[in-house]
Amino acid sequence: MDMKLFGPVIHILLALVISPLLMGIINRTKAKFAGRKGQPLLQPYYDIIKLLRKGSVYSTTTTWVFRLGPVAGLSAMIIAILIIPSGGINSLLSFPCDFILMAYILGVARFLTVTAALDTGSPFEGMGASREMQFAILAEVVMFMGVAVLAVGTGKISLSSIYYTLWDSNFTNIAPAVFLVALSFLIVLLTENARIPVDDPNTHLELTMIHEVMVLDHGGVDLALIQYGSCLKLWLFSSLLAGMAIPVRTGIMIVDMGINTVGILLISVFVGIIESGMARLKLLHIPQMLLAAFSVTAAAFLWVLR
Amino acid sequence: MTIYLILLALIIICAGGVVALFTGASYKAATWIGVASSILGAACAIFAAGSALFCGYHTSIHMAWQIPFGSFYIGLDPLSAFFVVTISIVCAIAAIYGAGYLKSYSGRKKIGAAWCFYNLLFASMLLVVIARNGILFLIAWEIMSIVSFFLVIFEHEKKEVRDAGWVYLVAAHIGQACLMCLFIMLAGGNGSLDFDLFSVSADKSALFMLALIGFGVKAGFMPLHVWLPDAHPAAPSNVSAVMSGVMIKTGIYGIIRIIYILGIPAQWWAYTLIVIGAVSAVTGILFAMAQRDIKRLLAYSSVENIGIIISGLGLWLLGLSMNNMVIAGFGLIGALLHLVNHAFFKTLLFFGAGSVVHATGTRNIDLMGGLLKRMPHTALLFGIGAAAICGFPPLNGFISEFFIYISAFNLLTCKVQGGPVEGGLIAIISLCITGGLAAACFSKLFGIIFLGEPRSEHAASAHEANGSMLVPMMIVAILCIFIGLLSPIAIRFIAPVVEQLTGSGNATVPLSMASGLLYKISLAGLSVVVVVSLLWWVRYLLLKGRVNTKGPTWDCGYLFPSYRMQYTASSFSLPVINMFRWIIRPSLNVEIMKGYFPVKGKVSTHTDDIFRKRFFNPIFRFVEVVAHKVHKLQEGRNQLYVLYIAITVLVLLLIKLR
């Protein structure tokens, strides 16, 4: 195999295989902080496999839109993974402004999840859909602003080349801006992946949920696809964050990839620590948190313009 | 040769309209003539424009005319040809749709007159984009305004329709007045109103501002959009589609044409366009989000899309003024492509809206729901339109927005060379917010109309649209998918225009970069389709032979769910509206429930157009007050008029005697 393809293909395989482990790590970290033994690290895999072996129960209200949601959601995540670089290693699909394609593909997934939720006719799912869309608007702006900072800082406009040059020796003077962007990206990660303090994946009250409530009616194979899709989404954002936050590029592909993967796993631990350390915010405060993240990226923008 | 073909097209369309007018009340004859002449005319026009577009040559024909300064001077260059093709495709398809849509009016309305106005609108739009003489242009522009006014007041027995028509007529003529000044100033140099003889002697910036206002009223960007959310819903859906899809684009044509005539732009023009684009896009989609009337929502979304197009044009100008052809080329490709894309998906959505309104008898989406089961084909096609307008890959909306993004990001990275970064940042942030809001708005629109359970009797008894309404929707949907998946081919249609508007030879770099990019995007789009089909197949294999049951939606243990408990459009959009209430200022009326056993509670929300309420209404009220005062001079009493005459004669005598 061509060496240029080797790195990206390994990254995609890693993402497809390891991503459910991230959920396991988060849960394990939370259990440790709570003084519990916690579920096995591989529990997300067991869950997905169990769900894949089940039949289906569909609401009589639903149509093909409801069935399309999980399938298209997972497909979108797989395509989006093709676009993101792993640390300094180029991605499989890289071209100028590829992050826009990535963001819009995530948008497709969200659109279809939301319409699938509305297809059930359930007021709870409508509520979740409405909130998901509201927060996504802000999260997307923060993300674009962050990428704009990196683009101005590095003078590059594709994710792979941005990440490749990010920690180049010439660019150490943009380091403060990059860390500010990484901070706001962490908030985007928590929002997009429905983690505390934005959303509580373990809550048992439908009224308070955002993401989980949208998939209340999905079960069996569909739910497995959704859960796997959200694992991939967590991997995607963690990989973007790790590539930004870890200032090491050795130039040796295997080492770089190893560092990035360890970084991704560490981010999961960190998410677990955040979840153990704080409660979720009031819904009305989430836009404020995202606006704060936006201000942080705006500050970073001023830094790179200086 | 080709120029005669387009003349023939004009003649066919106009003749068809006139004949349709005289078919009397016969629905069938008028419709046949109207549709046939539209399609035949469109075919001629597309053939003529297509050959002009691909051979890249400029043809014109110049005939003398009795009007001072006027001449029947028409021409086809790539820019005109591009608009001719877009207009012809949309008008021909909308004619087919109209045949099905207008059926329900037969007997009640003069269908022949409707077809006559429709064909005249088509012909006048063609004439607008090919006219090369100021007088001819203004006449065509006026005909376009007047006949579309008659189409807007098609259902003139309703008061709100008449009001909408009135606002439209006033707005159109304010624009027309600016255009007259513009052309007079342009002709000032050497006294000719032919486009190629214009000598720009007056202040270029003043000319640009006049063009921006004059054409902007038609294009409908904020804050000149006020006529649009009233007029588009009032018109029949085939006409709404044409107005929203192509008629407002003639305003964009005008702006591009004038900038092309004026030559190298000043940088502040570019900033003006970028800011106008950003404001229109964001506020347009915010107001769309707040609407419950399906067609009004779509009209506001046109304001949004015009904003996106204007942003692209702004980046084009910025690139030109910086002499950076990558930025200019990408901005222009984005703007032109979005213009075509919007023409297609907005037409599709207005067709869908027409079918839905036809089937349910209401425009209020809070009374709809569950229509996917009752109108499966319309729902699928409407869904494609909704996804396309949100800019989702692999559909066409993504391609055009992508080019505007990439132009803006190129501008950002120009920082090293000391370029202006603000313009790029404004464009990126506004496009991004617009994208998020559009996704929210159209998931709401599609979800509330077609999914869930019916929210009223009307929705429950809805029926699928007839073939004449479905086939046109299918054609436009296929066009949307085609441009999305096969964009490297689609871009060839606009390449000649880009070459013309960036100066010869300058477009080569951006165009070759663009087609390289588009191959990768098409690849990504195709892989989305492939992966979805694969996973769907896997899902099918897994579920085959297992226990697959049906049941009610999970209701959290509540035993008596009813359709009224579903989320409505208003409740879905409330969080977003509240987040942006400082811009759109919705009003909320709550009747608080009182007592231990409350009987009645009531909540109603309403979103007025702030520009109309806070900006235009005060101005027009002032005009009204002044007019009333002046009115005292002319009250219709003959004695008074005789007195005026006597006084005038007296004054003249005194002056003479002095």
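Tutor: Start with A:Pro197. A:Pro197 sits in the loop between helix H7 (175–192) and helix H8 (211–214) of chain A. The model is predicted, so treat the geometry as computed. The peptide bond between A:Ile196 and A:Pro197 is cis, with omega at about 10°. Most peptide bonds are trans, and most residues other than glycine have a negative phi.

Now phi. A:Cys97 is not a glycine, but its phi is positive, about 65°. A:Cys97 belongs to the loop between helix H3 (64–83) and helix H4 (98–118) of chain A. Its relative accessibility is 0%, so A:Cys97 counts as buried. In chain B, B:Asn323 has a positive phi near 60° and is not a glycine either. B:Asn323 is in the loop between helix H11 (294–322) and H12 of chain B. B:Asn323 counts as exposed because its relative accessibility is 60%, and the cut-off for exposed is over 50%.

Chain A has eleven helices and one strand. Along the sequence the pattern runs α-α-β-α-α-α-α-α-α-α-α-α. Chain A has 306 residues, for which a compact globule would have a radius of gyration near 19 Å; the chain has 19 Å, which agrees. Its C-alpha atoms fill a box of roughly 60 × 45 × 45 Å along the principal axes. Buried residues make up 64% of the 306. Of the contacts in chain A with a separation of 6 or more, 79% join residues 24 or more positions apart. The accessible surface of chain A is about 10,500 Å², and 69% of that belongs to carbon and sulfur atoms. Chain A carries 19 positive and 17 negative side chains; the centres of the two sets lie 7 Å apart.

A:Asp256 is in helix H10 (residues 253–277). A:Asp256 is buried because its relative accessible area is 9%. Beyond its sequence neighbours up to four places away, A:Asp256 touches A:Ile89, A:Val248, A:Arg249, A:Thr250 and A:Gly251. A:Glu140 is in helix H5 (residues 123–154) of chain A. At 8% relative accessibility, A:Glu140 counts as buried. Its contacts, leaving aside neighbours within four places in sequence, include A:Ala103 and A:Arg110. They also include B:Cys432, B:Gly435 and B:Gly436, so follow A:Glu140 across to chain B.

Chain B has 24 helices and five strands. For its 658 residues, a compact globule would have a radius of gyration near 26 Å; chain B has 26 Å, which agrees. The C-alpha trace spans about 105 × 65 × 55 Å along its principal axes. Buried residues make up 60% of chain B. Residues 24 or more positions apart supply 80% of its contacts with a separation of 6 or more. The accessible surface of chain B is about 25,700 Å², 69% of it from carbon and sulfur atoms. Chain B has 44 positive and 25 negative side chains, with the centres of the two sets 4 Å apart.

The domain assignment gives chain B domain 1 (268–531 + 568–607) and domain 2 (610–657). The C-alpha centres of these two domains lie 47 Å apart.

B:Gly354 is in helix H12 (residues 325–360) of chain B. B:Gly354 is buried, with a relative accessible area of 0%. B:Gly354 and B:Pro236 are 118 residues apart in sequence, but their C-alpha atoms are 7.8 Å apart. Leaving aside neighbours within four places, B:Gly354 is in contact with B:Tyr97, B:Tyr101 and B:Ser237. B:Ala465 lies in the loop between helix H17 (457–460) and helix H18 (467–485) of chain B. B:Ala465 is buried, at 11% relative accessible area. B:Ala465 touches B:Ser355, B:Met375, B:Thr378 and B:Leu470, not counting residues up to four places away. B:Ala465 and B:Ile327 are 138 residues apart in sequence and 44 Å apart in space, C-alpha to C-alpha.

How values were computed. Residues are numbered from 1 along each chain as its sequence is written. Chains are lettered from A and ligands numbered from 1 in the order in which they are written. This is a predicted model: local features need pLDDT of at least 70, side-chain atom pairs count only at pLDDT 80 or more; totals for chains, interfaces and linings use all residues. Side-chain values use heavy atoms; hydrogens and water are left out. Helices (H or I, at least four residues) and strands (E, at least two) are DSSP runs, numbered from the N terminus. The radius of gyration is taken over C-alpha atoms; the globule rule is 2.2 Å times the number of residues to the power 0.38. Buried means under 20% relative accessible area, exposed over 50%, partly exposed in between (1.4 Å probe, protein chains only). Contact means heavy atoms within 4.5 Å. Accessible areas come from the Shrake-Rupley method with a 1.4 Å probe; for residues, only the protein chains shown count as cover. Lys and Arg count as positive and Asp and Glu as negative; His and the chain ends are not counted. The place of a charge is taken as NZ of Lys, CZ of Arg, CG of Asp or CD of Glu. Domain bounds come from an automatic or database domain assignment.
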